[in-house]
Amino acid sequence: MAKLGHNVIYIPIPVTPFHLIKLKRSNTRIRNSGKLIEVQKNLSQFIPQTFIPTGELTSSSGYDLAFINFSKKIKSIMKAKNIKQFDLIFMDHPKLFGITHLVSYKKLIYRPTDILTGIGLRGIKKCEKLALDNAHGLITTSKPVFEHLKSNFNINIPHLTLVNGVDLELFTAPAPPPDDIKTISGKKCIYVGAFDDRFDFEGTLQIIKDNSDINFILIGPFPSSKMEEFKQFNNAYILGARDFSKIPAYMQACDVSIMPFSDAPSNEGRSPMKLYEFLAAGIPVVSRYTDEINRRSHSRIFTYNNIPEASTKLREALKLEKCSSASEHLSWKSITREALGFAIALK
(Lines give C-alpha, C1' and ligand atoms only; values in the text may rest on other atoms or scores of the structure.)
Protein backbone atom coordinates (compact mmCIF):
# COMPACT_ATOMS: atom_id res chain seq x y z
CA MET A 1 0.00 0.00 0.00
CA ALA A 2 2.85 2.37 0.82
CA LYS A 3 4.54 1.63 -2.52
CA LEU A 4 1.28 2.51 -4.26
CA GLY A 5 1.55 5.96 -2.68
CA HIS A 6 -0.86 5.60 0.23
CA ASN A 7 -0.05 7.04 3.67
CA VAL A 8 0.08 3.97 5.92
CA ILE A 9 0.40 3.66 9.71
CA TYR A 10 0.87 0.18 11.16
CA ILE A 11 -0.19 -0.39 14.79
CA PRO A 12 0.40 -3.90 16.22
CA ILE A 13 -0.60 -5.44 19.55
CA PRO A 14 0.76 -3.19 22.37
CA VAL A 15 3.68 -3.89 24.67
CA THR A 16 2.67 -4.30 28.33
CA PRO A 17 4.58 -4.75 31.62
CA PHE A 18 4.02 -8.49 31.12
CA HIS A 19 6.22 -8.33 28.01
CA LEU A 20 8.92 -6.54 30.00
CA ILE A 21 8.93 -9.41 32.50
CA LYS A 22 8.95 -12.11 29.81
CA LEU A 23 11.31 -10.53 27.29
CA LYS A 24 14.62 -8.72 27.50
CA ARG A 25 14.57 -4.94 27.28
CA SER A 26 16.87 -5.28 24.29
CA ASN A 27 14.07 -7.08 22.42
CA THR A 28 13.39 -5.14 19.20
CA ARG A 29 9.64 -4.91 19.82
CA ILE A 30 10.13 -3.52 23.31
CA ARG A 31 12.94 -1.21 22.22
CA ASN A 32 10.79 0.27 19.43
CA SER A 33 7.60 0.62 21.46
CA GLY A 34 6.26 4.10 22.16
CA LYS A 35 8.10 5.54 19.15
CA LEU A 36 6.85 6.56 15.73
CA ILE A 37 9.24 4.80 13.36
CA GLU A 38 9.55 5.50 9.65
CA VAL A 39 9.84 2.04 8.10
CA GLN A 40 10.04 3.31 4.53
CA LYS A 41 8.47 6.01 2.40
CA ASN A 42 4.74 6.37 3.25
CA LEU A 43 4.92 3.65 5.93
CA SER A 44 5.20 4.32 9.66
CA GLN A 45 4.98 1.98 12.64
CA PHE A 46 3.84 2.73 16.17
CA ILE A 47 3.82 0.05 18.87
CA PRO A 48 1.64 1.25 21.77
CA GLN A 49 2.54 0.80 25.42
CA THR A 50 -0.39 -0.16 27.66
CA PHE A 51 -0.58 -1.15 31.33
CA ILE A 52 -2.95 -4.06 30.67
CA PRO A 53 -3.34 -6.35 27.63
CA THR A 54 -5.83 -5.21 25.01
CA GLY A 55 -9.20 -6.93 24.84
CA GLU A 56 -9.21 -7.91 28.51
CA LEU A 57 -11.41 -5.03 29.69
CA THR A 58 -13.48 -4.20 26.62
CA SER A 59 -17.04 -2.96 27.10
CA SER A 60 -20.00 -4.13 25.03
CA SER A 61 -19.68 -0.88 23.04
CA GLY A 62 -16.07 -1.67 22.20
CA TYR A 63 -14.38 0.85 24.50
CA ASP A 64 -11.15 -0.74 25.75
CA LEU A 65 -9.76 0.40 29.09
CA ALA A 66 -6.26 -0.64 27.92
CA PHE A 67 -6.26 2.35 25.55
CA ILE A 68 -7.34 4.87 28.20
CA ASN A 69 -4.19 6.97 27.69
CA PHE A 70 -3.79 6.34 23.96
CA SER A 71 -6.27 8.85 22.53
CA LYS A 72 -3.98 11.89 22.71
CA LYS A 73 -1.03 9.90 21.32
CA ILE A 74 -2.83 8.49 18.27
CA LYS A 75 -4.20 11.95 17.45
CA SER A 76 -0.72 13.48 17.65
CA ILE A 77 0.54 10.74 15.31
CA MET A 78 -2.25 11.48 12.83
CA LYS A 79 -1.42 15.19 12.99
CA ALA A 80 2.29 14.46 12.42
CA LYS A 81 1.40 12.36 9.36
CA ASN A 82 -1.12 14.96 8.11
CA ILE A 83 -4.10 12.60 8.50
CA LYS A 84 -7.42 14.09 9.65
CA GLN A 85 -9.40 10.95 9.00
CA PHE A 86 -8.42 7.42 7.98
CA ASP A 87 -9.99 6.34 4.70
CA LEU A 88 -9.51 2.68 5.58
CA ILE A 89 -8.67 0.67 8.66
CA PHE A 90 -7.55 -2.91 7.99
CA MET A 91 -7.79 -4.76 11.30
CA ASP A 92 -5.86 -8.05 11.51
CA HIS A 93 -6.48 -8.68 15.20
CA PRO A 94 -9.86 -8.06 16.89
CA LYS A 95 -8.23 -7.17 20.22
CA LEU A 96 -7.21 -3.88 18.60
CA PHE A 97 -10.86 -2.91 18.09
CA GLY A 98 -10.65 -0.36 20.93
CA ILE A 99 -8.50 1.89 18.72
CA THR A 100 -11.48 2.50 16.43
CA HIS A 101 -13.14 4.44 19.28
CA LEU A 102 -10.24 6.90 19.30
CA VAL A 103 -9.94 7.88 15.64
CA SER A 104 -12.07 9.12 12.79
CA TYR A 105 -12.34 6.76 9.83
CA LYS A 106 -14.56 6.03 6.81
CA LYS A 107 -14.41 2.24 6.52
CA LEU A 108 -13.30 -0.68 8.67
CA ILE A 109 -12.24 -3.97 7.10
CA TYR A 110 -11.74 -6.94 9.39
CA ARG A 111 -8.96 -9.18 8.05
CA PRO A 112 -8.34 -12.16 10.37
CA THR A 113 -5.33 -14.27 9.36
CA ASP A 114 -6.01 -17.22 11.68
CA ILE A 115 -8.79 -19.09 13.43
CA LEU A 116 -8.92 -17.19 16.71
CA THR A 117 -12.19 -17.95 18.49
CA GLY A 118 -11.99 -21.21 20.41
CA ILE A 119 -8.20 -21.50 20.77
CA GLY A 120 -8.03 -20.22 24.34
CA LEU A 121 -7.42 -16.49 23.92
CA ARG A 122 -9.28 -14.66 26.68
CA GLY A 123 -12.00 -12.29 25.53
CA ILE A 124 -11.37 -13.08 21.88
CA LYS A 125 -14.97 -14.02 21.00
CA LYS A 126 -16.34 -10.72 22.33
CA CYS A 127 -13.69 -8.76 20.41
CA GLU A 128 -14.23 -10.74 17.22
CA LYS A 129 -18.00 -10.14 17.40
CA LEU A 130 -17.39 -6.41 17.86
CA ALA A 131 -15.08 -6.39 14.84
CA LEU A 132 -17.61 -8.21 12.64
CA ASP A 133 -20.59 -6.15 13.86
CA ASN A 134 -18.83 -2.86 13.11
CA ALA A 135 -16.82 -3.72 9.98
CA HIS A 136 -17.93 -2.66 6.52
CA GLY A 137 -16.27 -5.69 4.93
CA LEU A 138 -14.47 -8.95 5.72
CA ILE A 139 -11.30 -10.30 4.11
CA THR A 140 -10.10 -13.75 5.18
CA THR A 141 -6.79 -15.32 4.21
CA SER A 142 -8.20 -18.84 3.89
CA LYS A 143 -11.50 -20.64 3.37
CA PRO A 144 -11.34 -22.41 6.78
CA VAL A 145 -11.05 -19.05 8.55
CA PHE A 146 -14.22 -17.84 6.83
CA GLU A 147 -16.09 -21.10 7.49
CA HIS A 148 -15.09 -20.90 11.16
CA LEU A 149 -16.38 -17.33 11.44
CA LYS A 150 -19.60 -18.25 9.65
CA SER A 151 -20.23 -21.09 12.10
CA ASN A 152 -19.68 -18.84 15.15
CA PHE A 153 -21.12 -15.47 14.11
CA ASN A 154 -23.90 -13.95 12.07
CA ILE A 155 -22.06 -12.37 9.14
CA ASN A 156 -23.98 -9.72 7.20
CA ILE A 157 -21.14 -7.89 5.44
CA PRO A 158 -19.44 -8.40 2.06
CA HIS A 159 -16.68 -11.01 2.15
CA LEU A 160 -13.58 -11.80 0.11
CA THR A 161 -10.95 -14.53 0.55
CA LEU A 162 -7.43 -13.47 -0.39
CA VAL A 163 -4.56 -15.82 0.48
CA ASN A 164 -1.28 -14.44 1.78
CA GLY A 165 1.09 -13.69 -1.06
CA VAL A 166 4.76 -13.22 -1.86
CA ASP A 167 7.17 -10.44 -2.80
CA LEU A 168 7.96 -11.94 -6.20
CA GLU A 169 10.74 -9.52 -7.08
CA LEU A 170 12.60 -10.23 -3.85
CA PHE A 171 12.29 -14.02 -3.89
CA THR A 172 12.93 -14.61 -7.59
CA ALA A 173 16.02 -12.36 -7.88
CA PRO A 174 19.07 -14.69 -7.93
CA ALA A 175 21.17 -14.45 -4.77
CA PRO A 176 24.50 -16.12 -3.86
CA PRO A 177 24.47 -18.79 -1.11
CA PRO A 178 24.97 -17.31 2.37
CA ASP A 179 28.38 -17.99 3.91
CA ASP A 180 27.02 -19.98 6.85
CA ILE A 181 25.47 -22.71 4.66
CA LYS A 182 27.39 -22.65 1.39
CA THR A 183 29.92 -25.19 2.69
CA ILE A 184 27.21 -27.70 3.69
CA SER A 185 27.41 -30.50 1.13
CA GLY A 186 24.55 -32.73 0.04
CA LYS A 187 20.84 -32.05 -0.17
CA LYS A 188 19.39 -29.32 2.01
CA CYS A 189 15.85 -28.95 3.39
CA ILE A 190 14.85 -25.59 4.89
CA TYR A 191 12.25 -24.34 7.33
CA VAL A 192 11.80 -20.63 7.96
CA GLY A 193 9.31 -19.30 10.49
CA ALA A 194 8.10 -19.39 14.06
CA PHE A 195 8.95 -22.11 16.56
CA ASP A 196 5.85 -22.08 18.75
CA ASP A 197 2.92 -24.41 19.47
CA ARG A 198 2.10 -24.49 15.76
CA PHE A 199 5.44 -26.20 15.01
CA ASP A 200 5.71 -29.99 15.39
CA PHE A 201 8.97 -30.34 17.34
CA GLU A 202 8.73 -34.10 17.98
CA GLY A 203 7.73 -34.88 14.42
CA THR A 204 10.53 -32.74 13.01
CA LEU A 205 13.09 -34.48 15.22
CA GLN A 206 11.95 -37.82 13.87
CA ILE A 207 12.09 -36.60 10.27
CA ILE A 208 15.65 -35.35 10.83
CA LYS A 209 16.61 -38.69 12.41
CA ASP A 210 15.02 -40.73 9.59
CA ASN A 211 16.78 -38.72 6.85
CA SER A 212 20.40 -38.52 7.97
CA ASP A 213 21.58 -37.87 4.38
CA ILE A 214 19.54 -34.66 4.18
CA ASN A 215 20.68 -31.49 5.95
CA PHE A 216 17.93 -29.53 7.69
CA ILE A 217 18.32 -25.75 7.87
CA LEU A 218 16.11 -24.17 10.56
CA ILE A 219 15.70 -20.39 10.54
CA GLY A 220 13.80 -18.36 13.12
CA PRO A 221 13.95 -17.50 16.84
CA PHE A 222 14.59 -20.96 18.29
CA PRO A 223 13.59 -21.86 21.88
CA SER A 224 16.58 -22.66 24.09
CA SER A 225 14.58 -25.43 25.79
CA LYS A 226 14.60 -27.42 22.54
CA MET A 227 18.17 -26.73 21.49
CA GLU A 228 19.87 -29.82 22.95
CA GLU A 229 17.38 -32.22 21.41
CA PHE A 230 18.13 -30.91 17.93
CA LYS A 231 21.87 -30.50 18.39
CA GLN A 232 22.26 -34.26 18.84
CA PHE A 233 21.85 -34.62 15.07
CA ASN A 234 24.76 -33.65 12.81
CA ASN A 235 22.34 -32.92 9.96
CA ALA A 236 20.37 -30.26 11.90
CA TYR A 237 21.58 -26.66 11.53
CA ILE A 238 19.84 -24.15 13.82
CA LEU A 239 20.66 -20.69 12.48
CA GLY A 240 18.29 -18.56 14.55
CA ALA A 241 16.69 -15.37 13.22
CA ARG A 242 17.87 -13.83 9.96
CA ASP A 243 17.07 -10.50 8.31
CA PHE A 244 14.07 -10.87 6.00
CA SER A 245 15.97 -9.46 3.03
CA LYS A 246 18.46 -12.35 3.33
CA ILE A 247 15.84 -15.13 3.46
CA PRO A 248 15.55 -15.61 -0.35
CA ALA A 249 19.28 -16.41 -0.52
CA TYR A 250 18.87 -19.16 2.11
CA MET A 251 15.86 -20.62 0.31
CA GLN A 252 17.54 -20.56 -3.10
CA ALA A 253 20.58 -22.36 -1.64
CA CYS A 254 18.39 -25.30 -0.56
CA ASP A 255 16.71 -28.10 -2.52
CA VAL A 256 13.39 -28.51 -0.73
CA SER A 257 11.39 -26.89 2.06
CA ILE A 258 9.28 -28.28 4.87
CA MET A 259 6.32 -26.95 6.86
CA PRO A 260 5.89 -29.36 9.81
CA PHE A 261 2.65 -28.11 11.33
CA SER A 262 1.54 -29.42 14.71
CA ASP A 263 -2.06 -30.39 15.44
CA ALA A 264 -2.77 -26.95 16.98
CA PRO A 265 -6.30 -25.87 15.91
CA SER A 266 -5.07 -22.56 14.49
CA ASN A 267 -3.04 -24.42 11.84
CA GLU A 268 -6.24 -25.53 10.09
CA GLY A 269 -6.94 -22.00 8.91
CA ARG A 270 -3.40 -20.80 8.27
CA SER A 271 -2.40 -19.25 4.97
CA PRO A 272 1.39 -19.46 5.44
CA MET A 273 3.31 -16.64 3.76
CA LYS A 274 6.30 -18.96 3.50
CA LEU A 275 4.36 -21.32 1.20
CA TYR A 276 4.60 -19.11 -1.87
CA GLU A 277 7.95 -17.66 -0.79
CA PHE A 278 9.43 -21.16 -0.99
CA LEU A 279 7.83 -21.74 -4.39
CA ALA A 280 8.94 -18.35 -5.73
CA ALA A 281 12.50 -19.09 -4.57
CA GLY A 282 12.43 -22.23 -6.73
CA ILE A 283 12.06 -25.08 -4.22
CA PRO A 284 9.15 -27.49 -3.71
CA VAL A 285 7.26 -27.63 -0.41
CA VAL A 286 6.58 -30.62 1.84
CA SER A 287 3.83 -29.74 4.30
CA ARG A 288 1.75 -31.51 6.88
CA TYR A 289 -1.72 -31.94 5.42
CA THR A 290 -4.40 -29.36 6.13
CA ASP A 291 -7.54 -28.83 4.05
CA GLU A 292 -6.36 -25.32 3.22
CA ILE A 293 -2.90 -26.39 1.97
CA ASN A 294 -4.46 -29.23 -0.01
CA ARG A 295 -6.94 -26.79 -1.53
CA ARG A 296 -4.08 -24.93 -3.23
CA SER A 297 -3.68 -27.84 -5.71
CA HIS A 298 -0.11 -27.01 -6.72
CA SER A 299 2.09 -29.63 -8.39
CA ARG A 300 5.12 -28.61 -6.29
CA ILE A 301 3.34 -28.85 -2.94
CA PHE A 302 3.51 -32.28 -1.27
CA THR A 303 1.44 -33.06 1.82
CA TYR A 304 1.83 -35.78 4.45
CA ASN A 305 -0.45 -37.16 7.18
CA ASN A 306 2.16 -38.93 9.32
CA ILE A 307 5.91 -38.88 9.89
CA PRO A 308 6.88 -41.93 7.75
CA GLU A 309 4.90 -40.38 4.88
CA ALA A 310 6.80 -37.12 5.36
CA SER A 311 10.08 -38.86 4.51
CA THR A 312 8.51 -40.39 1.39
CA LYS A 313 7.24 -37.01 0.24
CA LEU A 314 10.65 -35.43 0.88
CA ARG A 315 12.23 -37.99 -1.45
CA GLU A 316 9.61 -37.32 -4.12
CA ALA A 317 10.06 -33.56 -3.87
CA LEU A 318 13.85 -33.85 -4.14
CA LYS A 319 13.44 -35.40 -7.60
CA LEU A 320 12.10 -32.12 -8.97
CA GLU A 321 14.32 -29.57 -10.65
CA LYS A 322 14.58 -26.18 -8.99
CA CYS A 323 12.39 -23.56 -10.67
CA SER A 324 10.28 -20.62 -9.53
CA SER A 325 6.59 -21.52 -9.54
CA ALA A 326 4.59 -18.71 -7.92
CA SER A 327 2.42 -16.81 -10.40
CA GLU A 328 1.94 -13.05 -10.65
CA HIS A 329 -1.58 -13.12 -9.18
CA LEU A 330 -0.01 -14.37 -5.92
CA SER A 331 2.26 -11.33 -5.62
CA TRP A 332 1.59 -8.89 -2.79
CA LYS A 333 1.24 -6.18 -5.42
CA SER A 334 -1.67 -8.01 -7.06
CA ILE A 335 -3.27 -9.06 -3.76
CA THR A 336 -3.01 -5.54 -2.34
CA ARG A 337 -4.68 -4.01 -5.39
CA GLU A 338 -7.53 -6.52 -5.07
CA ALA A 339 -7.93 -5.83 -1.34
CA LEU A 340 -8.00 -2.06 -1.91
CA GLY A 341 -10.47 -2.43 -4.78
CA PHE A 342 -12.78 -4.49 -2.56
CA ALA A 343 -12.52 -1.96 0.30
CA ILE A 344 -13.06 1.11 -1.87
CA ALA A 345 -16.17 -0.40 -3.47
CA LEU A 346 -17.83 -1.00 -0.09
CA LYS A 347 -20.75 1.26 0.78
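**Labels and their grounds**

Author: Start with F216. Beyond its neighbours within four places in sequence, F216 is in contact (heavy atoms within 4.5 Å) with C189, I207, I208, N211, N235, A236, Y237 and L314. This is a predicted model, where local features need pLDDT of at least 70, side-chain atom pairs count only at pLDDT 80 or more, and totals for chains, interfaces and linings use all residues. Residues are numbered from 1 along each chain as its sequence is written, and side-chain values use heavy atoms, with hydrogens and water left out.

Reader: What makes F216 buried or exposed?

Author: Its relative accessible area is 2%. Buried means under 20%, exposed over 50%, and partly exposed in between, with a 1.4 Å probe and protein chains only. So F216 is buried.

Reader: Where does F216 lie?

Author: F216 lies in strand β9, residues 214-219. Strands are DSSP runs of E with at least two residues; helices are runs of H or I with at least four, and both are numbered from the N terminus. The chain comes to 13 helices and 13 strands.

Reader: Why is the E169 and K333 pair called a salt bridge?

Author: A salt bridge is a side-chain nitrogen of Lys or Arg within 4 Å of a carboxyl oxygen of Asp or Glu. The closest N and O atoms of E169 and K333 are 3.9 Å apart, so the pair meets the definition. The pair links distant parts of the chain: E169 is in helix α6 (168-172), K333 is in helix α13 (332-345), and they are 164 residues apart. E169 is exposed, at 60% relative accessibility. K333 is partly exposed, at 49%.

Reader: What about R288 and D200?

Author: Their side chains meet in a salt bridge at 3.9 Å, N to O. R288 is in strand β12 (285-288), while D200 is in the loop between β8 (187-192) and α7 (201-210). R288 has 25% relative accessibility, so it counts as partly exposed. D200 has 14%, so it counts as buried.

Reader: How do you know that E277 and K274 are separated by about one helical turn?

Author: They are three residues apart in helix α10 (273-281), which means about one helical turn. Elsewhere, salt bridges that share partners join E292, R295 and R296 into one network. The structure holds 15 salt bridges.

Reader: What makes the phi of N42 and S297 worth a look?

Author: The phi of N42 is near 75°, a positive value in a residue other than glycine. N42 is in the loop between β2 (36-40) and β3 (43-46). It is partly exposed, at 26% relative accessibility. The phi of S297 is near 50°, also positive in a residue other than glycine. S297 lies in the loop between α11 (291-295) and β13 (301-304). Its relative accessible area is 66%, so S297 is exposed.
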